[in-house]
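Hi everyone, thanks for coming.

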Amino acid sequence: MTRDRDGDGQIDQWMLTIDYLPIWYKRLFDFLPLYLAASNGRNLLEGRQVRFDNESSVAAFRFLHECFARGYAPRQTFQGDVFLDGRVAAQFVGPNNIAHLERYRPSDFEYDYGPIPRPDAATGQRVSYADPKSIVIFKTCEHPREAWEFIKFIISRRNDLQLMELSSQLPIRAGLLEDQRLLIILSATQS
């Protein structure tokens, strides 16, 4: 899953990239999705305690360790988009990546999305996580009631398609998989 493309004896193409820069949101694109996939969506929090010492957490850390130990992931960071540059075959991304790839990919660049890898022993439906974007009404807002009405309007069920077209974000609400109206909208956008 690695390759020396130019024959200089140095690996310059990897299976995947794991961005380990100490930026708070990077955890959403490495350990957390692996943990959620391995645990069938189990929360790391139990009451007021964080529980890293469990089978799913160990499996996620073992996967990350193996990727670095076997050289499947580079131990360095790069400038630019390593996926579009062809230096990595896969990366963990959120839905906002769709617009980025469509805008910057070469015309002959083909890609697809797939589920987060999980241990072979994992059972049940595959899960992932929501990449929520917050909406805030500042205390200094001159028209907070009108702002709230607009927020309710833009995130309402009747505006799901517009929200997805503008932001590449799925609505976040209970019962999405059972919402026939949303499933019809999703089917239409994939055609």
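Okay, one term before we start: when I say two residues are in contact, I mean they have heavy atoms within 4.5 Å of each other. Keep in mind, too, that what you're looking at is a predicted model.

With that in hand, take the contacts in the protein chain with a separation of 6 or more: 51% of them come from residues 24 or more positions apart.

The chain has six helices and four strands, and starting at the N terminus the order goes β-α-β-β-α-β-α-α-α-α. The C-alpha trace spans about 60 × 45 × 40 Å along its principal axes. Of the 191 residues, 29% are buried. The accessible surface is about 13700 Å², and carbon and sulfur atoms make up 54% of that.

Let's zoom in on helix H1, residues 31-39. How many of its nine residues are buried? Eight, so the helix is largely enclosed by the rest of the structure. Among the buried ones you'll find Phe31, Leu34, Tyr35 and Leu36. And what covers them? Part of the cover is helix H2, residues 55-69.

Next up, charges. There are 23 positive side chains and 25 negative ones, and the centres of the two sets sit 7 Å apart. Salt bridges come to seven in total. Let me show you a few.

Glu66 pairs with Arg70, with the closest N and O atoms 2.6 Å apart. Glu66 is partly exposed because its relative accessibility is 28%, while Arg70, at 55%, counts as exposed.

Then there's Asp85 with Arg87, at 2.8 Å from N to O. Is Arg87 buried or exposed? Its relative accessibility is 18%, so it counts as buried. The cut-off for that is under 20%.

Arg105 and Glu102 make another bridge, with 3.4 Å between the closest N and O atoms. Here Arg105 is partly exposed at 28%, and Glu102 is partly exposed at 42%. Finally, Arg42, Glu46 and Arg51 are joined up in a network of salt bridges.

Last stop: Asn159. You'll find it in the loop between helix H4 (144-154) and helix H5 (160-167). Its relative accessibility is 7%, so Asn159 counts as buried. Leaving out residues up to four places away in sequence, Asn159 touches Phe153 and Ile154.

Definitions and conventions: Residues are numbered from 1 along each chain as its sequence is written. This is a predicted model: local features need pLDDT of at least 70, side-chain atom pairs count only at pLDDT 80 or more; totals for chains, interfaces and linings use all residues. Side-chain values use heavy atoms; hydrogens and water are left out. Helices (H or I, at least four residues) and strands (E, at least two) are DSSP runs, numbered from the N terminus. Buried means under 20% relative accessible area, exposed over 50%, partly exposed in between (1.4 Å probe, protein chains only). Accessible areas come from the Shrake-Rupley method with a 1.4 Å probe; for residues, only the protein chains shown count as cover. Lys and Arg count as positive and Asp and Glu as negative; His and the chain ends are not counted. The place of a charge is taken as NZ of Lys, CZ of Arg, CG of Asp or CD of Glu. A salt bridge is a side-chain nitrogen of Lys or Arg within 4 Å of a carboxyl oxygen of Asp or Glu.
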